[in-house]
Amino acid sequence: MKRQNLHCHTNFDDGADSPETMVRAAEKAGLASVGISLHCPIPGEEAWCCAPSDEGTFIEEMHRLRELYAGRLEVWCGLEYDLDAARRSVPPYDYIIGSCHMLSEIPFDYDPDTAAHLIAYHGGAAYTARMYYEKLSTLAEYPEVAIVGHFDLPTKFNERMPLYDTASKAYRDAAFAAMDKLNAAGKIFEINAGAMCRGWRTSPYPSEELLRHLKSVGGRICISSDAHCAAHIDYAFDQCEKLALSCGFTEIWQFDGRDFQPAPIIE
Ligand SMILES: [Zn+2]
Ligand SMILES: [Zn+2]
């Protein structure tokens, strides 16, 4: 199996490097294909989302890179929805990752203080988790969304600042219900190393318990690093593959330009 990373960011949103630098890094790392997943523009959230006026330039640049790398590396132009900015149309993007970064208009994965503020604002972690998972599960209603991004994102800071009791019945019930609904809608779940790249976590999303549950209900996975710089283009892929195998998965699903196909995970 040759690796593919469909979740990367660039200086068109909150990433550090240009699309060309990211694509060059993907080729150097030996990936078979790479997709840049632009943070969909959201009014007032230009600190981490693409500015609406830059979106056309991004798409043109991705098409230029696809031509430039033809025959060497497959280059895809993707979009990462936030549920606050879903559009219900795919073209001109090749694929769409569906994510939820905001609750009550607060981008809660920004830092631990913002995450704690959100919980205080909602009056508790159990209620906040339920809100998040209920909102995330509405991605099931968007047929154009292929991949669910960083499924348990609220736990981003939990290793250093335990905000959510992930062993509690309330949390687990909410997470499992969302996972079941999204899986029934045919969504692919990414094993995402984004919080590892940034030093917040030592393991990927979703948690091992959630991955084991996903396997038990016949779910599908892909692997991404959610890279925000070229150095992280294939960050922790080894660890993600080992985790997938240890949870019983034997294949991941890769985009071929039209659809997703299974590929065996090689130990
Ligand atoms: Zn995201
Ligand atoms: Zn992302």
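This is a walk through the structure above, from its overall build to a few local details.

The model is predicted, so local features are drawn from residues with pLDDT of at least 70, side-chain atom pairs count only at pLDDT 80 or more, and totals for chains, interfaces and linings use all residues. Residues are numbered from 1 along each chain as its sequence is written, while chains are lettered from A and ligands numbered from 1 in the order in which they are written.

Let us begin with the whole chain. It holds eight helices and eleven strands; helices (H or I, at least four residues) and strands (E, at least two) are DSSP runs, numbered from the N terminus. The C-alpha trace spans about 50 × 45 × 35 Å along its principal axes. For 267 residues, a compact globule would have a radius of gyration near 18 Å, and the 17 Å of the chain agrees with that. The radius here is taken over C-alpha atoms, and the globule rule is 2.2 Å times the number of residues to the power 0.38. Of the 267 residues, 46% are buried. A residue is called buried if 20 or more other C-beta atoms lie within 10 Å of its own, exposed if 12 or fewer, and partly exposed in between, with C-beta atoms placed from the backbone. Among contacts with a separation of 6 or more, 70% come from residues 24 or more positions apart; a contact means that two C-beta atoms, placed from the backbone, lie within 7 Å.

Next, follow helix H1 (residues 19-28). Its buried residues are Pro19, Met22, Val23, Ala25 and Ala26. Seen down the axis of H1, they fall within an arc of 160°, so they line one face of the helix. The arc is that of the directions from the helix axis to the C-beta atoms. The cover over these buried residues includes strand S1 (4-5), strand S2 (33-39), helix H2 (55-68) and strand S3 (74-82). After H1 comes Gly30, with a positive phi near 85°.

Phe237, Cys240, Leu243 and Ala244 are buried in H8, and they cover an arc of only 125° around the axis, which puts them on the same side of the helix. The face turned away from that side carries the exposed residues Asp238 and Ser246. Strand S8 (188-192), H7, S9 and strand S10 (251-255) are included in what covers the buried residues of H8. Just after H8, Gly248 takes a positive phi of about 100°.

Now for two helix pairs. Helix H3 (residues 112-122) and helix H4 (residues 125-137) pack at an angle of about 100°, with their axes 8 Å apart. That makes H3 roughly perpendicular to H4. On the H3 side, Leu118, Ile119 and His122 make the contact, and on the H4 side Ala125, Tyr127, Thr128 and Met131 do. By class, this contact has five nonpolar, two polar and no charged residues. H4 also packs with helix H5 (residues 169-184), at an angle of about 0° and with the axes 9 Å apart, which makes H4 roughly parallel to H5. Here Ala126, Ala129, Arg130, Tyr133, Leu136 and Ser137 in H4 meet a set in H5 that includes Ala170, Tyr171, Ala174 and Lys181.

A few conventions apply to both pairs. Axes are lines fitted to C-alpha atoms, for helices over the stretch in contact, and angles run from 0 to 180 degrees between N-to-C directions. Angles under 35 degrees count as roughly parallel, over 145 as roughly antiparallel, 65 to 115 as roughly perpendicular and the rest as oblique. Ala, Val, Leu, Ile, Met, Phe, Trp, Tyr, Cys and Pro count as nonpolar, Asp, Glu, Lys and Arg as charged, and the others, Gly among them, as polar.

Finally, some backbone details. Most residues other than glycine have a negative phi, and most peptide bonds are trans. Glu105, in the loop between strand S5 (102-103) and strand S6 (106-107), has a positive phi near 65°. Glu105 is exposed, with 9 other C-beta atoms within 10 Å. Ala236 also has a positive phi, of about 60°, but counts as buried, with 22 C-beta neighbours inside 10 Å. A cis peptide bond joins Tyr205 and Pro206, with omega about -20°, and Pro206 lies in the loop between helix H6 (194-197) and helix H7 (208-216).
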